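Dear colleague,

Please read them with the model open beside you.

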Amino acid sequence: MTVLLKVEGITKRFRGLVAVDNVSLEVPQGAIYAVIGPNGAGKTTLFNMIAGEFAPNAGTIAFNGERVDGLSPDVICRRGVGRTFQIVKPFPALSVEDNVMVGALLRKPDIGAAREWTRVVLDRLDLFDKRAQRASSLTLPDRKRLEVARAIATEPKLLLLDEVMAGLRPTETDRMVDVFRRLNQNHGVTILLIEHVMRAVMALAQEILVLHHGAAIAKGAPKDVVREKAVIESYLGAEAVH
Amino acid sequence: MIGRILRDVPRRTLVLLACFFAVLAAVPFIAGDYVLTILILILYFAYTGQAWNILMGFTGYLSLGHALFTGLGAYSAASLFVHFGVAPWLGLLAAIPIAMAVAGLMGFLAFRFRVSGVYFAILTIAFAEFARIGFDHFAWVSGSSGLFLPVAQYAHNDLWRLRGNPMMFYYIILVATALAFLISYLLLRSRTGYFWLAIREDEQAARATGIDTFRYKMMAVMISAGMTSFGGVFYAFYYNNLFPEQVFHIARSIEIILAPMVGGIGTLFGPIVGAFVLETASEGLRVILEAFGIDVPGIKQVFWGFVLLAIVIALPEGVWPWIARRLGLKERGP
(Lines give C-alpha, C1' and ligand atoms only; values in the text may rest on other atoms or scores of the structure.)
Protein backbone atom coordinates (compact mmCIF):
# COMPACT_ATOMS: atom_id res chain seq x y z
CA MET A 1 0.00 0.00 0.00
CA THR A 2 1.65 3.24 -1.12
CA VAL A 3 1.00 6.45 0.71
CA LEU A 4 -0.24 9.21 -1.59
CA LEU A 5 -0.45 12.02 0.94
CA LYS A 6 1.66 12.15 4.07
CA VAL A 7 1.13 14.97 6.54
CA GLU A 8 3.57 15.05 9.44
CA GLY A 9 3.17 17.18 12.51
CA ILE A 10 1.82 20.28 10.82
CA THR A 11 0.94 23.34 12.85
CA LYS A 12 -0.69 26.57 11.80
CA ARG A 13 -0.94 29.60 14.02
CA PHE A 14 -2.96 32.73 13.30
CA ARG A 15 -1.49 35.37 15.61
CA GLY A 16 -1.92 33.73 18.99
CA LEU A 17 -4.49 31.14 17.94
CA VAL A 18 -3.27 27.67 17.12
CA ALA A 19 -5.70 26.57 14.41
CA VAL A 20 -3.99 23.28 13.63
CA ASP A 21 -1.75 21.76 16.26
CA ASN A 22 0.78 19.09 15.33
CA VAL A 23 -1.53 17.00 13.15
CA SER A 24 -0.34 13.99 11.17
CA LEU A 25 -2.18 11.78 8.73
CA GLU A 26 -1.47 9.35 5.94
CA VAL A 27 -3.82 8.84 3.02
CA PRO A 28 -3.10 5.63 1.13
CA GLN A 29 -3.38 5.51 -2.64
CA GLY A 30 -6.97 4.70 -3.63
CA ALA A 31 -8.47 5.39 -0.21
CA ILE A 32 -11.35 7.56 0.93
CA TYR A 33 -10.25 9.39 4.05
CA ALA A 34 -12.44 11.69 6.13
CA VAL A 35 -11.63 14.50 8.53
CA ILE A 36 -14.41 15.35 10.97
CA GLY A 37 -14.78 17.59 13.97
CA PRO A 38 -16.83 20.45 15.36
CA ASN A 39 -16.85 23.93 13.83
CA GLY A 40 -13.57 25.75 14.35
CA ALA A 41 -11.66 22.51 14.84
CA GLY A 42 -9.16 23.46 12.12
CA LYS A 43 -10.40 21.19 9.34
CA THR A 44 -10.49 23.81 6.62
CA THR A 45 -7.16 25.23 7.79
CA LEU A 46 -5.67 21.77 7.45
CA PHE A 47 -7.13 21.54 3.95
CA ASN A 48 -5.87 24.94 2.95
CA MET A 49 -2.35 23.96 3.92
CA ILE A 50 -2.54 20.79 1.85
CA ALA A 51 -3.96 22.76 -1.10
CA GLY A 52 -1.29 25.43 -0.79
CA GLU A 53 -3.42 28.38 0.26
CA PHE A 54 -0.97 28.93 3.07
CA ALA A 55 2.18 27.31 4.36
CA PRO A 56 2.30 25.52 7.75
CA ASN A 57 4.33 27.08 10.56
CA ALA A 58 5.80 23.69 11.32
CA GLY A 59 5.69 20.18 9.93
CA THR A 60 5.80 18.74 6.43
CA ILE A 61 3.37 17.69 3.71
CA ALA A 62 4.47 15.14 1.14
CA PHE A 63 2.43 14.29 -1.93
CA ASN A 64 3.43 11.37 -4.09
CA GLY A 65 6.72 11.21 -2.20
CA GLU A 66 7.64 14.88 -2.74
CA ARG A 67 7.51 17.79 -0.31
CA VAL A 68 4.72 20.17 -1.30
CA ASP A 69 4.24 22.33 1.79
CA GLY A 70 4.69 26.01 0.99
CA LEU A 71 4.05 25.57 -2.75
CA SER A 72 1.35 27.76 -4.31
CA PRO A 73 -2.17 26.42 -5.02
CA ASP A 74 -1.71 26.32 -8.80
CA VAL A 75 1.52 24.35 -8.53
CA ILE A 76 -0.10 21.88 -6.13
CA CYS A 77 -3.04 21.47 -8.51
CA ARG A 78 -0.64 20.77 -11.36
CA ARG A 79 1.08 18.15 -9.19
CA GLY A 80 -2.26 16.35 -9.01
CA VAL A 81 -4.39 17.70 -6.17
CA GLY A 82 -7.91 18.90 -7.03
CA ARG A 83 -10.10 20.68 -4.52
CA THR A 84 -13.52 22.13 -3.86
CA PHE A 85 -14.28 25.08 -1.61
CA GLN A 86 -16.45 25.07 1.51
CA ILE A 87 -18.20 28.14 0.13
CA VAL A 88 -18.71 27.11 -3.49
CA LYS A 89 -16.70 29.05 -6.04
CA PRO A 90 -17.81 28.20 -9.54
CA PHE A 91 -17.09 30.76 -12.29
CA PRO A 92 -20.57 32.34 -12.08
CA ALA A 93 -20.91 34.03 -15.48
CA LEU A 94 -19.55 31.08 -17.45
CA SER A 95 -21.63 28.17 -18.65
CA VAL A 96 -21.41 24.83 -16.87
CA GLU A 97 -19.46 23.44 -19.81
CA ASP A 98 -16.96 26.35 -19.83
CA ASN A 99 -16.44 25.99 -16.07
CA VAL A 100 -15.32 22.41 -16.62
CA MET A 101 -13.38 23.40 -19.77
CA VAL A 102 -11.11 25.60 -17.64
CA GLY A 103 -10.16 22.55 -15.60
CA ALA A 104 -9.86 20.28 -18.63
CA LEU A 105 -7.52 22.68 -20.45
CA LEU A 106 -4.95 22.33 -17.67
CA ARG A 107 -3.71 18.98 -18.98
CA LYS A 108 -5.28 19.05 -22.43
CA PRO A 109 -4.09 22.28 -24.09
CA ASP A 110 -5.87 21.40 -27.32
CA ILE A 111 -9.38 22.89 -27.33
CA GLY A 112 -10.95 19.92 -29.11
CA ALA A 113 -9.41 17.35 -26.78
CA ALA A 114 -10.37 19.43 -23.75
CA ARG A 115 -13.96 19.67 -24.97
CA GLU A 116 -14.21 15.90 -25.38
CA TRP A 117 -12.82 15.32 -21.89
CA THR A 118 -15.17 18.00 -20.52
CA ARG A 119 -18.16 16.10 -21.88
CA VAL A 120 -16.94 12.88 -20.29
CA VAL A 121 -16.57 14.63 -16.93
CA LEU A 122 -19.96 16.33 -17.23
CA ASP A 123 -21.51 12.97 -17.91
CA ARG A 124 -19.79 11.43 -14.90
CA LEU A 125 -21.17 14.14 -12.60
CA ASP A 126 -24.70 14.06 -14.10
CA LEU A 127 -24.32 17.61 -15.41
CA PHE A 128 -24.33 16.94 -19.12
CA ASP A 129 -27.94 18.09 -19.62
CA LYS A 130 -27.20 21.37 -17.87
CA ARG A 131 -23.99 22.15 -19.76
CA ALA A 132 -25.35 25.28 -21.49
CA GLN A 133 -26.67 26.90 -18.30
CA ARG A 134 -24.84 29.70 -16.57
CA ALA A 135 -23.20 28.43 -13.40
CA SER A 136 -24.86 31.21 -11.39
CA SER A 137 -28.30 29.87 -12.32
CA LEU A 138 -27.67 26.41 -10.85
CA THR A 139 -29.13 25.13 -7.60
CA LEU A 140 -26.76 24.57 -4.69
CA PRO A 141 -26.42 20.79 -5.18
CA ASP A 142 -25.67 21.35 -8.86
CA ARG A 143 -23.11 24.03 -8.08
CA LYS A 144 -21.43 21.66 -5.66
CA ARG A 145 -21.28 18.95 -8.29
CA LEU A 146 -19.98 21.51 -10.78
CA GLU A 147 -17.10 22.30 -8.46
CA VAL A 148 -16.31 18.61 -8.22
CA ALA A 149 -16.51 18.35 -12.01
CA ARG A 150 -14.10 21.23 -12.48
CA ALA A 151 -11.67 19.65 -10.02
CA ILE A 152 -12.02 16.22 -11.64
CA ALA A 153 -11.37 17.76 -15.06
CA THR A 154 -7.83 18.62 -13.93
CA GLU A 155 -7.31 14.85 -13.57
CA PRO A 156 -6.24 14.85 -9.92
CA LYS A 157 -4.70 11.88 -8.16
CA LEU A 158 -6.09 13.26 -4.91
CA LEU A 159 -9.40 15.07 -4.54
CA LEU A 160 -9.95 17.36 -1.55
CA LEU A 161 -13.63 17.84 -0.77
CA ASP A 162 -14.51 20.58 1.70
CA GLU A 163 -18.01 19.93 3.04
CA VAL A 164 -19.58 19.13 -0.30
CA MET A 165 -22.57 17.52 1.43
CA ALA A 166 -23.41 20.51 3.61
CA GLY A 167 -26.85 21.89 2.83
CA LEU A 168 -27.91 18.90 0.77
CA ARG A 169 -31.08 16.89 1.38
CA PRO A 170 -30.59 13.21 2.32
CA THR A 171 -31.48 12.01 -1.20
CA GLU A 172 -29.00 14.43 -2.71
CA THR A 173 -26.40 13.31 -0.19
CA ASP A 174 -26.91 9.72 -1.25
CA ARG A 175 -26.50 10.74 -4.87
CA MET A 176 -23.23 12.53 -4.09
CA VAL A 177 -22.00 9.55 -2.09
CA ASP A 178 -22.71 7.44 -5.12
CA VAL A 179 -20.78 9.80 -7.40
CA PHE A 180 -17.72 9.74 -5.16
CA ARG A 181 -17.83 6.00 -4.75
CA ARG A 182 -17.82 5.63 -8.53
CA LEU A 183 -14.99 8.14 -8.96
CA ASN A 184 -13.01 6.25 -6.36
CA GLN A 185 -13.68 2.72 -7.53
CA ASN A 186 -13.93 3.12 -11.30
CA HIS A 187 -11.46 5.92 -11.87
CA GLY A 188 -8.98 5.41 -9.05
CA VAL A 189 -9.31 8.87 -7.52
CA THR A 190 -8.10 9.05 -3.94
CA ILE A 191 -10.40 11.24 -1.83
CA LEU A 192 -9.79 13.27 1.31
CA LEU A 193 -12.97 14.84 2.62
CA ILE A 194 -14.02 17.19 5.37
CA GLU A 195 -17.56 16.42 6.30
CA HIS A 196 -20.20 17.11 8.90
CA VAL A 197 -22.79 14.81 7.42
CA MET A 198 -22.06 11.58 9.27
CA ARG A 199 -24.37 9.67 6.96
CA ALA A 200 -21.96 10.39 4.10
CA VAL A 201 -18.84 9.86 6.16
CA MET A 202 -19.97 6.45 7.39
CA ALA A 203 -20.93 5.41 3.88
CA LEU A 204 -17.71 6.51 2.23
CA ALA A 205 -14.70 6.68 4.48
CA GLN A 206 -12.35 3.83 5.21
CA GLU A 207 -10.50 5.90 7.75
CA ILE A 208 -11.42 8.91 9.87
CA LEU A 209 -9.41 11.58 11.63
CA VAL A 210 -11.20 13.60 14.31
CA LEU A 211 -9.98 17.12 15.02
CA HIS A 212 -10.89 19.14 18.09
CA HIS A 213 -9.41 22.56 18.88
CA GLY A 214 -6.82 21.97 16.19
CA ALA A 215 -5.56 18.69 17.57
CA ALA A 216 -6.17 15.12 16.44
CA ILE A 217 -8.17 13.36 19.15
CA ALA A 218 -8.96 10.13 17.36
CA LYS A 219 -8.00 8.22 14.24
CA GLY A 220 -9.09 4.91 12.78
CA ALA A 221 -11.87 2.97 11.10
CA PRO A 222 -15.27 4.74 11.18
CA LYS A 223 -17.07 2.22 13.33
CA ASP A 224 -14.34 2.36 15.99
CA VAL A 225 -13.92 6.12 15.94
CA VAL A 226 -17.59 6.90 16.52
CA ARG A 227 -17.51 4.83 19.70
CA GLU A 228 -14.58 6.63 21.25
CA LYS A 229 -15.55 8.59 24.31
CA ALA A 230 -13.60 11.71 23.42
CA VAL A 231 -15.22 11.90 19.98
CA ILE A 232 -18.71 11.49 21.37
CA GLU A 233 -18.17 14.15 24.01
CA SER A 234 -16.57 16.73 21.77
CA TYR A 235 -18.48 16.28 18.57
CA LEU A 236 -21.08 13.65 17.93
CA GLY A 237 -23.14 13.79 21.08
CA ALA A 238 -24.38 10.64 22.76
CA GLU A 239 -27.49 10.21 20.62
CA ALA A 240 -25.45 9.84 17.42
CA VAL A 241 -24.21 6.40 18.41
CA HIS A 242 -26.63 3.54 18.02
CA MET B 1 -7.80 28.57 -38.58
CA ILE B 2 -10.32 29.94 -41.07
CA GLY B 3 -11.94 26.54 -41.23
CA ARG B 4 -12.36 26.51 -37.48
CA ILE B 5 -13.91 29.96 -37.48
CA LEU B 6 -16.38 28.94 -40.20
CA ARG B 7 -17.30 25.87 -38.18
CA ASP B 8 -17.51 27.48 -34.74
CA VAL B 9 -19.25 30.77 -35.48
CA PRO B 10 -22.98 30.64 -36.18
CA ARG B 11 -23.86 31.33 -39.83
CA ARG B 12 -26.02 34.28 -38.83
CA THR B 13 -23.20 36.02 -36.99
CA LEU B 14 -20.82 35.50 -39.91
CA VAL B 15 -23.27 36.95 -42.43
CA LEU B 16 -23.95 39.91 -40.18
CA LEU B 17 -20.24 40.55 -39.69
CA ALA B 18 -19.48 40.29 -43.41
CA CYS B 19 -22.30 42.74 -44.25
CA PHE B 20 -21.14 45.12 -41.53
CA PHE B 21 -17.55 45.29 -42.72
CA ALA B 22 -18.59 45.37 -46.37
CA VAL B 23 -20.75 48.43 -45.73
CA LEU B 24 -17.92 50.10 -43.83
CA ALA B 25 -15.48 49.31 -46.65
CA ALA B 26 -17.86 50.93 -49.17
CA VAL B 27 -18.46 54.10 -47.15
CA PRO B 28 -15.65 56.23 -48.70
CA PHE B 29 -17.24 55.77 -52.16
CA ILE B 30 -20.51 57.34 -51.04
CA ALA B 31 -19.68 59.60 -48.11
CA GLY B 32 -17.62 62.75 -47.89
CA ASP B 33 -14.75 63.68 -45.62
CA TYR B 34 -17.08 64.84 -42.84
CA VAL B 35 -18.65 61.40 -42.40
CA LEU B 36 -15.24 59.79 -42.80
CA THR B 37 -13.67 61.81 -39.99
CA ILE B 38 -16.50 60.81 -37.68
CA LEU B 39 -16.14 57.18 -38.70
CA ILE B 40 -12.39 57.38 -38.13
CA LEU B 41 -13.08 58.55 -34.59
CA ILE B 42 -15.65 55.78 -34.06
CA LEU B 43 -13.28 53.10 -35.32
CA TYR B 44 -10.41 54.52 -33.28
CA PHE B 45 -12.49 54.11 -30.12
CA ALA B 46 -13.71 50.70 -31.25
CA TYR B 47 -10.09 49.65 -31.74
CA THR B 48 -8.69 50.98 -28.47
CA GLY B 49 -11.82 49.77 -26.63
CA GLN B 50 -11.24 46.27 -28.00
CA ALA B 51 -7.64 46.37 -26.77
CA TRP B 52 -8.69 47.63 -23.32
CA ASN B 53 -11.39 44.98 -23.16
CA ILE B 54 -8.76 42.21 -23.14
CA LEU B 55 -7.56 43.37 -19.74
CA MET B 56 -10.89 44.42 -18.20
CA GLY B 57 -13.49 42.41 -20.10
CA PHE B 58 -11.63 39.12 -20.31
CA THR B 59 -9.32 39.18 -17.29
CA GLY B 60 -11.26 41.44 -14.93
CA TYR B 61 -8.59 44.06 -14.25
CA LEU B 62 -9.80 47.64 -14.60
CA SER B 63 -7.32 49.99 -16.22
CA LEU B 64 -8.08 53.67 -15.93
CA GLY B 65 -4.74 54.57 -17.45
CA HIS B 66 -4.76 53.18 -20.95
CA ALA B 67 -3.83 56.63 -22.29
CA LEU B 68 -0.38 55.61 -21.06
CA PHE B 69 -0.14 53.06 -23.86
CA THR B 70 -1.66 55.16 -26.64
CA GLY B 71 0.67 57.96 -25.49
CA LEU B 72 3.77 55.77 -25.46
CA GLY B 73 2.87 54.43 -28.91
CA ALA B 74 2.23 57.93 -30.23
CA TYR B 75 5.43 59.41 -28.83
CA SER B 76 7.65 56.46 -29.83
CA ALA B 77 6.62 56.42 -33.47
CA ALA B 78 6.27 60.21 -33.84
CA SER B 79 9.64 61.04 -32.29
CA LEU B 80 11.41 58.43 -34.43
CA PHE B 81 9.71 59.94 -37.47
CA VAL B 82 10.52 63.53 -36.57
CA HIS B 83 14.12 62.90 -35.53
CA PHE B 84 15.23 60.13 -37.88
CA GLY B 85 12.58 59.96 -40.57
CA VAL B 86 11.66 56.42 -39.50
CA ALA B 87 8.37 55.39 -41.11
CA PRO B 88 5.52 54.69 -38.63
CA TRP B 89 5.24 51.05 -39.62
CA LEU B 90 8.87 50.58 -38.60
CA GLY B 91 8.19 52.85 -35.62
CA LEU B 92 5.66 50.25 -34.48
CA LEU B 93 8.58 47.90 -33.90
CA ALA B 94 9.65 50.31 -31.18
CA ALA B 95 6.19 51.50 -30.06
CA ILE B 96 4.73 48.06 -29.34
CA PRO B 97 7.72 46.68 -27.36
CA ILE B 98 7.99 49.93 -25.36
CA ALA B 99 4.30 49.84 -24.43
CA MET B 100 4.54 46.14 -23.59
CA ALA B 101 7.64 46.67 -21.48
CA VAL B 102 6.01 49.44 -19.44
CA ALA B 103 2.86 47.33 -19.10
CA GLY B 104 5.09 44.47 -17.98
CA LEU B 105 6.66 46.63 -15.29
CA MET B 106 3.25 47.86 -14.12
CA GLY B 107 1.83 44.34 -14.21
CA PHE B 108 4.79 42.92 -12.35
CA LEU B 109 4.42 45.42 -9.53
CA ALA B 110 0.66 44.93 -9.35
CA PHE B 111 0.48 41.16 -9.65
CA ARG B 112 3.60 40.34 -7.69
CA PHE B 113 2.07 42.15 -4.72
CA ARG B 114 -1.46 40.92 -5.38
CA VAL B 115 -2.83 44.38 -6.17
CA SER B 116 -6.34 44.08 -7.56
CA GLY B 117 -9.70 45.78 -7.82
CA VAL B 118 -9.77 49.50 -7.22
CA TYR B 119 -6.12 49.53 -6.16
CA PHE B 120 -5.07 48.20 -9.53
CA ALA B 121 -7.10 50.95 -11.22
CA ILE B 122 -5.36 53.56 -9.08
CA LEU B 123 -1.97 52.11 -10.01
CA THR B 124 -2.80 52.46 -13.72
CA ILE B 125 -3.80 56.08 -13.19
CA ALA B 126 -0.54 56.68 -11.33
CA PHE B 127 1.51 55.26 -14.19
CA ALA B 128 -0.30 57.41 -16.76
CA GLU B 129 0.20 60.49 -14.58
CA PHE B 130 3.90 59.70 -14.16
CA ALA B 131 4.18 59.57 -17.93
CA ARG B 132 2.25 62.82 -18.36
CA ILE B 133 4.52 64.70 -15.98
CA GLY B 134 7.65 62.94 -17.21
CA PHE B 135 6.98 63.71 -20.87
CA ASP B 136 6.29 67.33 -19.97
CA HIS B 137 9.97 67.56 -19.06
CA PHE B 138 11.30 65.23 -21.74
CA ALA B 139 13.27 67.62 -23.96
CA TRP B 140 13.95 65.12 -26.77
CA VAL B 141 10.22 65.06 -27.57
CA SER B 142 9.94 68.84 -26.98
CA GLY B 143 8.36 68.46 -23.53
CA SER B 144 5.29 70.51 -22.82
CA SER B 145 5.67 72.63 -25.94
CA GLY B 146 4.53 69.67 -28.00
CA LEU B 147 5.80 67.44 -30.79
CA PHE B 148 4.67 68.32 -34.31
CA LEU B 149 4.74 66.14 -37.38
CA PRO B 150 5.30 67.80 -40.75
CA VAL B 151 1.86 68.12 -42.36
CA ALA B 152 1.61 66.85 -45.90
CA GLN B 153 -0.65 67.97 -48.71
CA TYR B 154 -3.92 66.05 -48.88
CA ALA B 155 -3.39 65.61 -52.62
CA HIS B 156 -1.27 62.48 -52.47
CA ASN B 157 -1.29 59.53 -50.13
CA ASP B 158 1.89 58.06 -48.76
CA LEU B 159 0.78 54.87 -47.09
CA TRP B 160 4.30 53.96 -45.98
CA ARG B 161 4.85 57.22 -44.14
CA LEU B 162 1.18 57.69 -43.18
CA ARG B 163 0.83 61.08 -44.81
CA GLY B 164 -2.41 61.55 -46.68
CA ASN B 165 -6.12 62.23 -46.73
CA PRO B 166 -8.84 60.93 -44.40
CA MET B 167 -9.73 58.08 -46.77
CA MET B 168 -6.32 56.48 -46.25
CA PHE B 169 -6.57 56.86 -42.47
CA TYR B 170 -10.09 55.49 -42.60
CA TYR B 171 -9.03 52.27 -44.32
CA ILE B 172 -6.07 51.83 -41.98
CA ILE B 173 -8.19 52.10 -38.84
CA LEU B 174 -10.91 49.94 -40.41
CA VAL B 175 -8.44 47.14 -41.09
CA ALA B 176 -6.95 47.58 -37.60
CA THR B 177 -10.39 47.36 -35.99
CA ALA B 178 -11.22 44.23 -37.97
CA LEU B 179 -7.90 42.68 -36.97
CA ALA B 180 -8.36 43.62 -33.31
CA PHE B 181 -11.78 41.99 -33.41
CA LEU B 182 -10.33 38.83 -34.96
CA ILE B 183 -7.44 38.71 -32.48
CA SER B 184 -9.85 39.15 -29.55
CA TYR B 185 -12.06 36.40 -30.92
CA LEU B 186 -9.18 33.97 -31.34
CA LEU B 187 -7.76 34.80 -27.91
CA LEU B 188 -11.14 34.37 -26.24
CA ARG B 189 -11.58 30.91 -27.76
CA SER B 190 -8.07 29.81 -26.87
CA ARG B 191 -6.76 28.14 -23.73
CA THR B 192 -5.43 31.52 -22.66
CA GLY B 193 -8.89 33.05 -23.11
CA TYR B 194 -10.53 30.43 -20.90
CA PHE B 195 -7.91 31.02 -18.22
CA TRP B 196 -8.45 34.78 -18.42
CA LEU B 197 -12.19 34.34 -17.92
CA ALA B 198 -11.52 32.04 -14.97
CA ILE B 199 -9.29 34.71 -13.38
CA ARG B 200 -11.95 37.34 -13.99
CA GLU B 201 -14.67 35.19 -12.43
CA ASP B 202 -12.83 34.00 -9.33
CA GLU B 203 -9.11 34.29 -9.00
CA GLN B 204 -8.79 31.98 -6.00
CA ALA B 205 -10.74 29.25 -7.76
CA ALA B 206 -8.66 29.82 -10.90
CA ARG B 207 -5.47 29.22 -8.92
CA ALA B 208 -6.95 26.13 -7.34
CA THR B 209 -7.70 24.88 -10.87
CA GLY B 210 -3.98 24.97 -11.61
CA ILE B 211 -3.78 28.29 -13.45
CA ASP B 212 -0.58 30.28 -12.99
CA THR B 213 -2.58 33.47 -12.52
CA PHE B 214 0.48 35.75 -12.43
CA ARG B 215 1.61 34.58 -15.84
CA TYR B 216 -1.80 34.92 -17.48
CA LYS B 217 -2.43 38.34 -15.98
CA MET B 218 0.96 39.49 -17.28
CA MET B 219 0.02 38.21 -20.73
CA ALA B 220 -3.30 40.08 -20.60
CA VAL B 221 -1.86 43.43 -19.59
CA MET B 222 1.01 43.20 -22.09
CA ILE B 223 -1.11 42.10 -25.05
CA SER B 224 -3.67 44.78 -24.23
CA ALA B 225 -0.95 47.45 -24.01
CA GLY B 226 0.77 46.33 -27.20
CA MET B 227 -2.50 46.50 -29.14
CA THR B 228 -3.40 49.84 -27.59
CA SER B 229 -0.05 51.35 -28.59
CA PHE B 230 -0.91 50.97 -32.28
CA GLY B 231 -3.93 53.18 -31.61
CA GLY B 232 -1.49 55.79 -30.34
CA VAL B 233 0.70 55.56 -33.44
CA PHE B 234 -2.39 56.07 -35.55
CA TYR B 235 -3.46 59.01 -33.37
CA ALA B 236 -0.06 60.69 -33.75
CA PHE B 237 0.02 60.49 -37.54
CA TYR B 238 -3.63 61.40 -37.89
CA TYR B 239 -3.57 64.49 -35.66
CA ASN B 240 0.06 65.45 -36.32
CA ASN B 241 0.63 67.04 -32.92
CA LEU B 242 1.26 65.63 -29.48
CA PHE B 243 1.15 67.36 -26.11
CA PRO B 244 1.82 65.30 -22.96
CA GLU B 245 -0.87 67.28 -21.17
CA GLN B 246 -3.43 65.99 -23.67
CA VAL B 247 -2.09 62.63 -24.77
CA PHE B 248 -1.59 61.15 -21.29
CA HIS B 249 -4.50 62.98 -19.68
CA ILE B 250 -6.94 60.84 -17.69
CA ALA B 251 -9.74 62.09 -19.94
CA ARG B 252 -8.10 60.12 -22.81
CA SER B 253 -8.09 57.00 -20.61
CA ILE B 254 -11.75 57.47 -19.78
CA GLU B 255 -12.63 57.94 -23.46
CA ILE B 256 -11.02 54.60 -24.23
CA ILE B 257 -13.19 52.74 -21.71
CA LEU B 258 -16.50 54.38 -22.67
CA ALA B 259 -17.13 52.41 -25.85
CA PRO B 260 -16.78 48.94 -24.31
CA MET B 261 -18.69 50.08 -21.22
CA VAL B 262 -21.62 51.26 -23.28
CA GLY B 263 -21.41 48.37 -25.73
CA GLY B 264 -20.88 45.62 -23.18
CA ILE B 265 -17.71 44.86 -21.22
CA GLY B 266 -16.24 41.46 -22.00
CA THR B 267 -18.15 41.02 -25.25
CA LEU B 268 -16.49 40.96 -28.66
CA PHE B 269 -18.97 43.29 -30.34
CA GLY B 270 -19.37 45.61 -27.35
CA PRO B 271 -16.50 48.03 -28.12
CA ILE B 272 -17.60 48.43 -31.76
CA VAL B 273 -21.29 48.87 -30.96
CA GLY B 274 -20.52 51.19 -28.06
CA ALA B 275 -18.27 53.40 -30.18
CA PHE B 276 -21.00 53.74 -32.81
CA VAL B 277 -23.71 54.50 -30.26
CA LEU B 278 -21.65 57.10 -28.41
CA GLU B 279 -20.19 58.96 -31.38
CA THR B 280 -23.32 59.05 -33.53
CA ALA B 281 -25.34 60.20 -30.53
CA SER B 282 -22.91 62.96 -29.55
CA GLU B 283 -22.44 64.02 -33.18
CA GLY B 284 -26.22 64.11 -33.60
CA LEU B 285 -26.47 66.24 -30.48
CA ARG B 286 -23.84 68.61 -31.85
CA VAL B 287 -25.74 68.99 -35.11
CA ILE B 288 -28.99 69.67 -33.27
CA LEU B 289 -27.39 72.23 -30.94
CA GLU B 290 -25.75 73.96 -33.89
CA ALA B 291 -29.07 74.14 -35.70
CA PHE B 292 -30.53 75.95 -32.72
CA GLY B 293 -27.49 78.16 -32.42
CA ILE B 294 -26.62 76.90 -28.94
CA ASP B 295 -22.95 76.85 -28.03
CA VAL B 296 -22.18 75.22 -24.72
CA PRO B 297 -18.59 74.18 -24.07
CA GLY B 298 -18.25 70.73 -22.57
CA ILE B 299 -21.77 69.69 -23.59
CA LYS B 300 -20.39 66.52 -25.22
CA GLN B 301 -18.93 65.33 -21.92
CA VAL B 302 -22.13 66.12 -20.05
CA PHE B 303 -24.12 64.29 -22.69
CA TRP B 304 -21.84 61.27 -22.48
CA GLY B 305 -22.35 61.33 -18.75
CA PHE B 306 -26.11 61.09 -19.23
CA VAL B 307 -25.80 58.35 -21.85
CA LEU B 308 -23.59 56.34 -19.48
CA LEU B 309 -26.00 56.88 -16.61
CA ALA B 310 -28.95 55.79 -18.73
CA ILE B 311 -27.15 52.70 -19.94
CA VAL B 312 -25.86 51.70 -16.53
CA ILE B 313 -29.42 51.90 -15.22
CA ALA B 314 -31.35 50.47 -18.16
CA LEU B 315 -28.83 48.05 -19.71
CA PRO B 316 -26.16 47.29 -17.14
CA GLU B 317 -24.75 44.52 -19.35
CA GLY B 318 -24.31 47.02 -22.19
CA VAL B 319 -26.10 47.68 -25.45
CA TRP B 320 -24.70 44.77 -27.40
CA PRO B 321 -26.08 41.86 -25.30
CA TRP B 322 -29.48 43.52 -25.63
CA ILE B 323 -29.16 43.90 -29.42
CA ALA B 324 -27.82 40.37 -29.72
CA ARG B 325 -30.87 38.95 -27.99
CA ARG B 326 -33.14 40.89 -30.39
CA LEU B 327 -31.21 39.64 -33.40
CA GLY B 328 -31.36 36.09 -32.12
CA LEU B 329 -27.58 35.93 -31.79
CA LYS B 330 -25.88 34.51 -28.80
CA GLU B 331 -22.38 35.41 -27.89
CA ARG B 332 -20.84 32.88 -25.60
CA GLY B 333 -19.77 34.16 -22.24
CA PRO B 334 -20.65 37.67 -21.18
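Predicted model: local features only at pLDDT ≥ 70, side-chain atom pairs only at ≥ 80, totals over all residues.

A disulfide is taken here as a pair of cysteine sulfur atoms within 2.5 Å. By that criterion, a search of the whole structure finds zero disulfides over all chains.

Residues are numbered from 1 along each chain as its sequence is written, chains are lettered from A and ligands numbered from 1 in the order in which they are written, and side-chain values use heavy atoms, with hydrogens and water left out.

The antiparallel sheet of chain A

Helices (H or I, at least four residues) and strands (E, at least two) are DSSP runs, numbered from the N terminus, and two strands pair if DSSP finds at least two bridges between them. On these terms, chain A holds an open sheet of four strands in the order S2-S1-S4-S5, with antiparallel pairing. Its edge strands, each pairing on one side only, are S2 (17-28) and S5 (66-67) of chain A.

Within this sheet, S1(A) and S4(A) run antiparallel and are joined by five bridges, and Val7(A) has Ile61(A) in S4(A) as its bridge partner. S4(A), which spans residues 58-63, is joined to S5(A) by two bridges, again antiparallel: Ala62(A) stands opposite Arg67(A), and Phe63(A) stands opposite Glu66(A). S4(A) and S5(A) form a hairpin with two residues between them, and Asn64(A) in the turn has a positive phi of about 60°.

Most residues other than glycine have a negative phi. Asn22(A), which is found in strand S2 of chain A, is not a glycine and yet has a positive phi of about 55°.

Helix H1 (residues 43-50) of chain A lies across S1 (3-14), S2 and S4 of chain A, and runs at about 120° to S1(A). Axes here are lines fitted to C-alpha atoms, for helices over the stretch in contact, and angles run from 0 to 180 degrees between N-to-C directions; contact itself means heavy atoms within 4.5 Å.

The parallel strands of chain A

S7 (158-162) of chain A pairs in parallel with two strands: three bridges join it to S6(A), residues 81-83, and five bridges join it to S8(A), residues 190-194. S7(A) is mostly covered, with five of its five residues buried. Leu158(A), Leu160(A) and Asp162(A) point one way from the strand, and Leu159(A) and Leu161(A) the other way.

Glu163(A) is found in the loop between S7 and helix H6 (170-187) of chain A. Glu163(A) has a positive phi of about 50° although it is not a glycine, and its relative accessibility of 8% means that it counts as buried. Ile87(A), in the loop between S6 and helix H3 (96-107) of chain A, is exposed, with a relative accessible area of 69%. Ile87(A) and Asp162(A) are 75 residues apart in sequence and 8.6 Å apart in space, C-alpha to C-alpha.

Two helix pairs

In chain A, H3(A) and helix H4 (residues 111-124) pack at an angle of about 120°, with their axes 8 Å apart. The residues of this contact include Val100(A), Met101(A) and Ala104(A) of H3(A) and Ala114(A), Trp117(A) and Val121(A) of H4(A). By class, the contact has ten nonpolar, one polar and three charged residues, where Ala, Val, Leu, Ile, Met, Phe, Trp, Tyr, Cys and Pro count as nonpolar, Asp, Glu, Lys and Arg as charged, and the others, Gly among them, as polar.

In chain B, helix H5 (residues 88-112) and helix H10 (residues 213-239) pack at an angle of about 145°, with their axes 7 Å apart. The residues of the contact of H5(B) with H10(B) divide into 19 nonpolar, four polar and two charged.

With best wishes

Key: Buried < 20%, exposed > 50% of the residue type's maximum accessible area, 1.4 Å probe, protein only.
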